Amino acid sequence: MRTRPTLTWTPTGAPFPRTTSMAEVARVLENGRVVVLSGAGLSTESGIPDYRGESGSLRTHTPMTYDEFTGTAAGRRRYWARSHLGWRTIARAHPNDGHRAVTALHSAGHVTGVITQNVDGLHQAAGTGPVVELHGSLDRVVCLGCRRTSAREDLDRRLRAANPDFEATATRINPDGDVDLPGDVVRGFRVVGCADCADGVLKPDVVFFGENVPRPRVDECYRMVGEADGLLVLGSSLTVMSGLRFVRHAAKAGKPVLIVNRGETRGDEHATILVDLPLGAALTDLVDLLGA
């Protein structure tokens, strides 16, 4: 069963108290094993905008939904034309200070695991591993017919061959690798099918809005949070339930929930500590405080 997409969330009531110091976060990480839950806000300093921040892409961009992608050939053409261009920008992105800080904290034993809502692979590029990719990865493609997965690079070569005259410029990249393109450019784009089963529909191996995260992946995240001594949320508004449920799970179990994010989140009521700082500087400071 698929869920109705939750794209926005509006805070109600007075904001919860926030701090601009990482000292309390450092004390929790020093004394316990903490799992990181990261969101799009962690990758903004790598040039990939988030969905819901001050300049979030949802202000001007409607992301692809599962029903639109699977329901119409026009929807798939729109996605692949735009993503074919946008994915190149994602693939060229580099880890920032925030990603490198998470790697240092993991190597030092303060962080025992990482769950990311991001599909950009930047945690892994920074050397953190293993990482649970809650929403999948743009680096992979899955056939909805035979279910085989393949590398995005292979599809990129096939799409280039099928569209030798494709020329467009990305004016803005979105967290899902989508960009805005004129309708005439989209209509002229040729989509290719699965190379293994000939006519299967290819989909990026990511969880679209309105699509459920695979249950085994959810169970693995619950296990990680259950075995940890705390949860550190980095750069996520926690608008969608796929991430918020782990915050609720940790809080219900009496574990400290630490949220570092620019602005309010849907999980603030469950937080032990709320920090409002840019992620790169905040996490670099955290590494220094812990001597990691």
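The model is predicted: local features need pLDDT of at least 70, side-chain atom pairs count only at pLDDT 80 or more, and totals for chains, interfaces and linings use all residues. Residues are numbered from 1 along each chain as its sequence is written, and side-chain values use heavy atoms, with hydrogens and water left out.

User: Which residues of helix α1 are buried?

Analyst: Helices (H or I, at least four residues) and strands (E, at least two) are DSSP runs, numbered from the N terminus. Buried means under 20% relative accessible area, exposed over 50%, and partly exposed in between (1.4 Å probe, protein chains only). In α1, which covers residues 23-31, the buried residues are V25, A26 and L29.

User: Within what arc do the buried residues of α1 fall, seen down its axis?

Analyst: The arc is that of the directions from the helix axis to the C-beta atoms. An α-helix has 3.6 residues a turn, so residues three or four places apart point the same way. In α1 the buried residues line one face of the helix, because seen down the axis they fall within an arc of 100 degrees.

User: How many salt bridges does a search of the whole structure find?

Analyst: A salt bridge is a side-chain nitrogen of Lys or Arg within 4 Å of a carboxyl oxygen of Asp or Glu. Searched as a whole, the structure has a total of 14.

User: How many residues apart in sequence are the parts that D268 and R18 tie together?

Analyst: The side chains of D268 and R18 form a salt bridge of 2.9 Å, N to O. D268 lies in the loop between β8 (257-260) and β9 (273-275), and R18 in the segment before α1, so the parts tied together are separated in sequence by 250 residues.

User: Is D268 buried or exposed?

Analyst: The salt-bridge partner of D268 is R18, which counts as partly exposed because its relative accessibility is 27%. The relative accessibility of D268 is 3%, so D268 counts as buried.

User: In which helix does R78 lie, given its salt bridge with E68?

Analyst: The side chains of R78 and E68 meet at 3.1 Å, N to O. E68 belongs to helix α2 (residues 66-71), so the pair ties together parts 10 residues apart in sequence, and R78 lies in helix α3 (residues 73-92).
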